Amino acid sequence: MLKFRYIAIMATAICLVSCSSPQEPTPADSLKQQLTSYVEQGHIMFGHQDDYMYGHSWKLEDGDTDYTSSDVQATCGKYPAVYGMDLGGIEMDWEANLDRNLFKHMRAAAVAHYERGGVITFSWHPRNPLTGGDAWDVTSDQVVASILPGGERHEHFVTWLSKAADFLESIKTADGTPVPVIWRPWHEHTGSWFWWGQKLCTTEQYKALWQLTYDYMVNQRGLTNLVWAYSPGAGGLDAELFAERYPGDEIVDMVGFDCYQYGDNASYMREMKNALEVTKIFAEEHGKLMAVTETGYEGIKDENWWTEVFHQSFKDYPVSYVLVWRNACDADMQHHFYAPYPEHTSAADFKAFSDFPAIKFL
Ligand code: BMA
């Protein structure tokens, strides 16, 4: 009898230990841990938008299946640690996104990059769900109102969310493991050039748009691979503007900003410093990761820009990554590039930048 009681007690104890063990981390949790540990080690990842899709003078062909071409890699011998992409066009059932990248290539390149040890981020420039124009169509300030619950375009917009969610959910390795991604919807909202921008909706409407997006993707669809990033534009950023439309600690994992160089080096460095200070204080107060989610100097018109301007601007901040925008290949967009290519005048300086021990490439 005593022996049986002993066995029963042991069985209960074993069950208690195993039943109370913490849940498996989600893919998003694992990515957050990885990002946090890089920051703790003082590593800052370098990122490039559309890196494997095209470069200054090349473009992936439809049948290509190895994602190894890269202007960044051709210039410095290493791939960017962060690979950025945009979902614009997924809501229209297009085969290719707004910058003509086939979605099947984007999905496969995301998996290849992940398997190489890299980190993936997605933004979204969806078309205008009320007017039928593009993301930059700001002719109506009723667009956000129209897609929120109760609005005339709400149901239509939920079908758009479902297409974006389908794609994000479909990024999986061959054994079915979901690939985690940094998901950065409704960016640069402190400007008024997208239909979700500052002058196009109220603070409450903007926050409700975030909540709707999160509730749909996480609570309704159960996606476990999204790390949620909030990123205003850097222009005129201060603590108040940064916080005004922040959708809440429960639904944001990372904070950052988009900051481009339009004028001289000194004004870019000033704007970066200002935005980094604001973001750092906010990130610390809210316990969030931080990043420079989009940046760069179109055409890189200074051959020492990478070491003397770019690196100097963020090196003293605990940023997870800095991502430069795309290298357009279209004939009429040859000026539109933000990473160097081997023949570019800043190539040697970029190589020197890529060799700094704290800057992480693959
Ligand atoms: C902008 C430009 C556009 C592009 C858009 C979305 O900054 O690069 O040409 O369509 O981003 O990627």
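**Figure 1. Thr293 in strand 9 of the predicted model.** Thr293 belongs to strand 9 of a structure that is a predicted model. With a relative accessibility of 1%, Thr293 counts as buried, because the cut-off for a buried residue is a relative accessible area under 20%. Ser346 lies 53 residues away from Thr293 along the chain, and 22 Å separate the C-alpha atoms of the two residues.

Figure 2. The phi angle of Ile300 is positive, at about 40°, although the residue is not a glycine. Most residues other than glycine have a negative phi. The relative accessible area of Ile300 is 1%, and the residue is therefore classed as buried.

Figure 3. Helix 10 comprises residues 305-314, and eight of its ten residues are buried, so the helix is largely enclosed by the rest of the structure. The buried positions are Trp305, Trp306, Thr307, Val309, Phe310, His311, Ser313 and Phe314.

**Figure 4. Asp93 in the loop between strand 4 and helix 4.** Asp93 is placed in the loop that runs between strand 4 (82-86) and helix 4 (103-115). Its phi is positive, at about 65°, and Asp93 is not a glycine. Is Asp93 buried or exposed? The residue is exposed, with a relative accessible area of 56%; the cut-off for this class is over 50%.

Figure 5. A relative accessibility of 1% places Asn101 among the buried residues, whereas Asp93 is exposed. The side chain of Asn101 forms a polar contact with the side chain of Asp50, at 3.2 Å.

**Figure 6. The shell of residues around the ligand.** The ligand takes up the space of the largest pocket.

Figure 7. A polar atom in the side chain of Asp99 is 2.6 Å from an oxygen atom of the ligand. For His336, an N or O atom of the side chain lies 2.6 Å from a ligand oxygen atom. The side chain of Arg326 likewise has an N or O atom 2.8 Å from an oxygen atom of the ligand. Taken alone, the ligand exposes 310 Å², of which the protein buries 77%.

**Figure 8. Thr345 in the loop between strand 10 and helix 11.** Thr345 is located in the loop between strand 10 (321-324) and helix 11 (347-354). Thr345 is 80 residues from Asn265 in sequence, and the distance between the two residues in space is 17 Å, C-alpha to C-alpha.

How values were computed:
Residues numbered from 1 in each chain as written. Predicted model: local features only at pLDDT ≥ 70, side-chain atom pairs only at ≥ 80, totals over all residues. Heavy atoms only, no water. Polar contact = N/O pair within 3.5 Å; in protein donor to acceptor, adjacent residues only side chain to side chain. Areas by Shrake-Rupley, 256 points an atom, 1.4 Å probe, with all protein chains shown as cover. 1 Å grid on protein atoms, 1.4 Å probe; cavity = no way out; pocket = protein on both sides within 12 Å on 5 of 7 lines; lining within 4 Å. Sits in = over half its atoms within 2 Å of the grid points. Buried < 20%, exposed > 50% of the residue type's maximum accessible area, 1.4 Å probe, protein only. Helix = DSSP H or I, 4+ residues; strand = E, 2+ residues; numbered from the N terminus.
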